Amino acid sequence: MKHRALSAPASALWICPTCGARLIARNLWHSCGRFTLASLFRGARPGVLKLAREYVRMLHSLGNVQVLPQKTRLVCVARVRFGGLSPRKTGFLAAFALRRWIDSPRIVKKVDYGPRWRAHFVAVQSQDDLDDELRAWLQESHDTVGVQDDLRRPVGRTVP
Ligand SMILES: [Zn+2]
């Protein structure tokens, strides 16, 4: 018999019993705990892993999030994925999605996945890059894309 969707509400999350990852569908493919932050930064210059750990602490401070290292990147999930990082030799790219575009020289790359998922990337190479501005962008990302704020405010309904 093929896998069949359970009768759970469409909005319910499924928690992988093996690694604890939050997934939007049961048995969705995921890396299932095989990767670590350290494995992502194998070969990076000294100090980069420490910087990445600090960034991960920042991610955890945003709310109830999960930080999941994968093969080539790390993703951060609240209700859904909203950010993460991609390792570079001398640091990493901090990634986060917003509903809007930020215009700042710190944004080294943007990727348009549509109006609900506008990806921004900031190069992090030193302690100074993990500043209040970056944290505020990450918080906005968590509070909008991460928690799917648009699902809580259906179109046409007025929010007091
Ligand atoms: Zn798993």
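Trainee: How many bridges pair strand 3 with strand 4, and in which sense do they run?

Mentor: In this predicted model, strand 3 and strand 4 (residues 74–77) are paired in the antiparallel sense over four bridges. As one example from that pairing, Pro-69 has Leu-74 in strand 4 as its bridge partner.

Trainee: And what order do the strands of the open sheet come in?

Mentor: The open sheet has six strands in the order 3-4-5-6-8-7, and their pairing is antiparallel. Its edges are strand 3 (66–69) and strand 7 (107–112), each of which pairs on one side only. On average, and with direction ignored, neighbouring strands of this sheet are turned by 20° against each other.

Trainee: Okay, strand 6 then. Which strands is it joined to by bridges?

Mentor: Strand 5 (residues 81–88) is joined to strand 6 by six bridges, the two running antiparallel, and Leu-85 has its bridge partner, Ala-94, in strand 6. Strand 6 is also joined to strand 8 (residues 118–124) by seven bridges, again antiparallel, and here Phe-96 has His-120 of strand 8 as its bridge partner.

Trainee: How many residues sit between strand 5 and strand 6 in their hairpin?

Mentor: Two residues lie between strand 5 and strand 6 in that hairpin.

Trainee: Is strand 6 largely enclosed or open, and why?

Mentor: Strand 6 (residues 91–98) is largely enclosed by the rest of the structure, because seven of its eight residues are buried.

Trainee: Changing topic: which residues of helix 2 are buried?

Mentor: Val-48, Ala-52, Tyr-55 and Leu-59 are buried in helix 2. Viewed down the axis of helix 2, its buried residues fall within an arc of 55°, so they line one face of the helix.

Trainee: What span should helix 2 have from its residue count?

Mentor: With 13 residues (residues 48–60) at 1.5 Å a residue, helix 2 should span 18 Å, and this agrees with its end C-alpha atoms, which are 18 Å apart.

Note on methods. Residues numbered from 1 in each chain as written. Predicted model: local features only at pLDDT ≥ 70, side-chain atom pairs only at ≥ 80, totals over all residues. Buried ≥ 20, exposed ≤ 12 C-beta atoms within 10 Å, placed from the backbone. Pairing = 2+ DSSP bridges. Expected span 1.5 Å × (residues − 1). Arc of directions from axis to C-beta. Axes fitted to C-alpha atoms, helices over the stretch in contact; angles between N-to-C directions.
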